[in-house]
Amino acid sequence: MAQACFATREQAWMLRATAEGAERHPEAARVLAVRAFALGWSGDSLACVAIARRLVEADPDYHAGYEVLGRALTDLGELEEARNVLERACALDTLCPRSLQALAWVRLQQGDSTEAVELYDQVVTLAPRFLDAYVQYGDALRAAGDPAGALARYEHVLSLHPTHVDAVISCGQAYEELDEAEAARDAFGRARELDPTRVDAAEYLWRVQEAQGWAEARVADLERSAAENAEDPRFLHLRGHALRHLGRDEEAASLLVDAPARCDHCRHLGVR
């Protein structure tokens, strides 16, 4: 929570500072680039796209402008345009790992795991300590049908950063695909310990424990999670799902009646 508050303050400060800079120097490419980055970081992808388009018009050879624009378009789901823009960024600077990583992510979202794997291989060659790219590299390998290769990438990340939650969760997913249920359960449990607010880890752990017949224990765990995260409807929804699985429909009903309407993430996870 403290980190989230700090990040929010940092975003607010950066938005103010870059707004002032853009007002004083409306056509300065690097000022516009930082302003667009700040808007994207704060989640305002539409405003980010507007600034980034101005940036690439003002300086058609500035690769960072295309990267920021491509990332914002990706956030908006405009994947084909994002791909074209990011390919332009990579052509302008063939050794920029961030642009290559952004393009690899788009190709992965578009279903081309083979190209994504090739791009991520370039990224980690250029930037061996780009840990988030390693996690996405593993995701691309899993999509390409190589969970063992993916696991090796996730474990590499954890050898350098043992508390990298995304890598821990991804390890659990790879273990599931390798039919190593105990290792998957341990990984998802570890992710829950590292970040109790991660509802995806809670859902994945429930799925594994459900398959192993641990439903009663899972309900108790979800009850604790719901109490610790009282303002987050996702944990209540997961607990309702668990209670319904146990046949405790009356208890489940009050938790599930409006949770889907309040919780887009639950729908994304496919939990009903």
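Some ground rules to start with. Residues are numbered from 1 along each chain as its sequence is written, and side-chain values use heavy atoms, with hydrogens and water left out. The model is predicted, so local features need pLDDT of at least 70 and side-chain atom pairs count only at pLDDT 80 or more, while totals for chains, interfaces and linings use all residues.

**The whole chain**

The secondary structure comes to 17 helices and zero strands. Here helices (H or I, at least four residues) and strands (E, at least two) are DSSP runs, numbered from the N terminus. Of the 272 residues in the chain, 46% are buried. Buried means under 20% relative accessible area, exposed means over 50%, and partly exposed is in between, using a 1.4 Å probe and protein chains only. Next come the contacts, meaning heavy atoms within 4.5 Å. Among contacts with a separation of 6 or more, 47% are between residues 24 or more positions apart.

**Pairs of helices**

Axes are lines fitted to C-alpha atoms, for helices over the stretch in contact, and angles run from 0 to 180 degrees between N-to-C directions.

| Pair | Axis distance | Angle |
|---|---|---|
| α5 (residues 79-92) and α6 (residues 97-109) | within 9 Å | roughly 150° |
| α8 and α10 (residues 165-177) | 10 Å | about 15° |
| α10 and α12 (residues 199-211) | within 11 Å | roughly 25° |

How do you read those angles? Under 35 degrees counts as roughly parallel, over 145 as roughly antiparallel, 65 to 115 as roughly perpendicular and the rest as oblique.

Take α5 and α6 first: their axes cross at roughly 150°, which means α5 is roughly antiparallel to α6. The crossing is left-handed; that name applies if the near helix is turned anticlockwise from the far one by less than a right angle, and right-handed applies if clockwise. On the α5 side the contact is made by L79, A82, R83, L86, E87, A89 and C90, and on the α6 side by S99, L100, A102, L103, V106, R107 and Q109. These residues divide into nine nonpolar, two polar and three charged. In this scheme Ala, Val, Leu, Ile, Met, Phe, Trp, Tyr, Cys and Pro count as nonpolar, Asp, Glu, Lys and Arg as charged, and the others, Gly among them, as polar.

Now α8 and α10, which pack at about 15°; that makes α8 roughly parallel to α10. Their crossing is left-handed. From α8 come V135, D139 and R142, and from α10 come D166, A167, S170, Q173, A174 and E177.

I169, Q173 and E176 of α10 meet D200, A201, Y204, R207 and V208 of α12. That contact has four nonpolar residues, one polar and three charged.

How far does α3 reach from its first C-alpha to its last? This helix of 14 residues reaches 20 Å, close to the 20 Å expected at 1.5 Å a residue. The expected span is 1.5 Å times one less than the number of residues. In α3, the buried residues include S45, C48, V49, I51, A52, L55 and V56.

Helix α7 (residues 113-126) also has 14 residues that should span 20 Å, and its end C-alpha atoms are 20 Å apart, which agrees. Buried in α7 are S113, A116, V117, L119, Y120, V123 and V124. The buried residues of α7 pack against α6 and α8 (131-143).

**Three residues up close**

Is L86 buried or exposed? L86 sits in helix α5 and is buried, with a relative accessible area of 0%. Its C-alpha atom is separated by 5.7 Å from that of L103, 17 residues apart along the chain. Leaving aside neighbours within four places in sequence, L86 is in contact with residues including Y66, G70, T74 and L103.

P60 lies in the loop between α3 (45-58) and α4 (63-75). P60 is partly exposed, with a relative accessible area of 41%. Not counting residues up to four places away in sequence, P60 touches Y66, R88 and L92. P60 and R88 are 28 residues apart in sequence and 9.8 Å apart in space, C-alpha to C-alpha.

Finally, D179 is in the loop between α10 and α11 (181-194). D179 is exposed, with a relative accessible area of 70%. Its phi is near 60°, a positive value in a residue other than glycine.
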